[in-house]
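I opened the model and kept notes on what I looked up. The entries follow in the order I made them.

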Amino acid sequence: MAGGINNKLLATALSIADAASWSCTLALLALILMGSLREGRGRMSEVDIETFDSGIVMKGSSTLVGQQPCDEIYVVSEGETLHSIIDKCGDPFIVERNPHIHDPDDVFPGLVIMVTPSSLA
């Protein structure tokens with residue numbers, strides 16, 4: 001009789017542990033899913049990139065959504081010149097860091113350049 005009670009108690013404890021394990025698994029899965037959805041906000045879902053002799057161009061947009069003015073990867077916007085980007089970001093060595101810029105006057109919207117932003121920008 002004592003063995004039957006212990007078996008029932010053990011079976012009950014195992015089923016409670018199994019249910020708790022599945023509940024924790026589902027809760028963890030929900031947190032991971034919510035975190036991945038939250039990270040995706042404000043980003044472009046698809047970006048077409050073309051490479052040319054003069055540089056890399058993103059089709060359909062001249063800047064990334066949510067991009068800071070002077071990230072390390074900078075996408076030239078409409079009306080910007082190399083001099084305005086240098087003034088904006090405080091990096092006078094943009095031409096040296098970007099060998100795909102052959103002519104400093106040939107900067108166009110969508111061109112992707114490497115920038116080392118200053119702390120004052």
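**Entry 1: terms and conventions.** I call a residue buried under 20% relative accessible area, exposed over 50% and partly exposed in between (1.4 Å probe, protein chains only). Helices (H or I, at least four residues) and strands (E, at least two) are DSSP runs, numbered from the N terminus. This is a predicted model, so I take local features only at pLDDT of at least 70 and side-chain atom pairs only at pLDDT 80 or more, while totals for chains, interfaces and linings use all residues. Residues are numbered from 1 along each chain as its sequence is written, and side-chain values use heavy atoms, with hydrogens and water left out.

**Entry 2: helix H2.** I looked up which residues of H2 (82-89) are buried, and found Leu 82, Ile 85 and Cys 89. Viewed down the helix axis, these buried residues fall within an arc of 60°, so they line one face of H2. The arc is that of the directions from the helix axis to the C-beta atoms. I then checked what covers the buried residues of H2; the cover includes S3, helix H3 (94-97) and strand S4 (112-114). Just after H2, Gly 90 has a positive phi of about 75°.

**Entry 3: the core.** How many residues are in the largest nonpolar core? I count a nonpolar core as a set of buried Ala, Val, Leu, Ile, Met, Phe, Trp, Tyr and Cys residues joined through side-chain atoms within 4.5 Å. The largest one has 12 residues, among them Cys 70, Tyr 74, Val 76, Ile 94, Val 107 and Val 115. H2 gives the most to this core, with 3 residues.

**Entry 4: the loop between H3 and S4.** Is Ile 101 buried or exposed? Ile 101 lies in this loop and is buried, because its relative accessible area is 7%. Taking contact as heavy atoms within 4.5 Å, and leaving aside neighbours within four places in sequence, I find Ile 101 in contact with Ile 94, Val 95, Leu 111 and Ile 113.

Asp 105 is exposed, because its relative accessible area is 68%. I also took the C-alpha distance from Asp 105 to His 83: 9.3 Å, for residues 22 apart in sequence.

**Entry 5: Asp 71.** Asp 71 sits in the loop between strand S2 (55-59) and strand S3 (73-75). With a relative accessible area of 28%, Asp 71 is partly exposed. Which residues does Asp 71 contact, leaving aside its neighbours within four places in sequence? They are Val 115 and Pro 117. Asp 71 and Pro 117 are 46 residues apart in sequence, and their C-alpha atoms are 6.7 Å apart.

**Entry 6: the chain overall.** The protein has 3 helices and 4 strands, in the order α-β-β-β-α-α-β along the sequence. Of its 121 residues, 19% count as buried. Residues 24 or more positions apart make up 49% of the contacts with a separation of 6 or more.

**Entry 7: the annotated span.** The UniProt record, an unreviewed entry, annotates residues 20-37 as "transmembrane region". Positions are given in the numbering used here, feature names are shortened, and annotations may be inferred rather than shown by experiment. In the model, the span 20-37 is 100% helix and 0% strand, with its end C-alpha atoms 26 Å apart.

**Entry 8: confidence.** pLDDT is the predictor's confidence in each residue, from 0 to 100. Its mean over the protein is 75, and 68% of residues reach 70 or more. Confidence is lowest in S2, at a mean of 52, and highest in S4, at 91. Over residues 60-68 the pLDDT is below 50, and this stretch has 18 contacts in the model beyond near neighbours in sequence. Where pLDDT is low, the predicted coordinates should not be read in detail.
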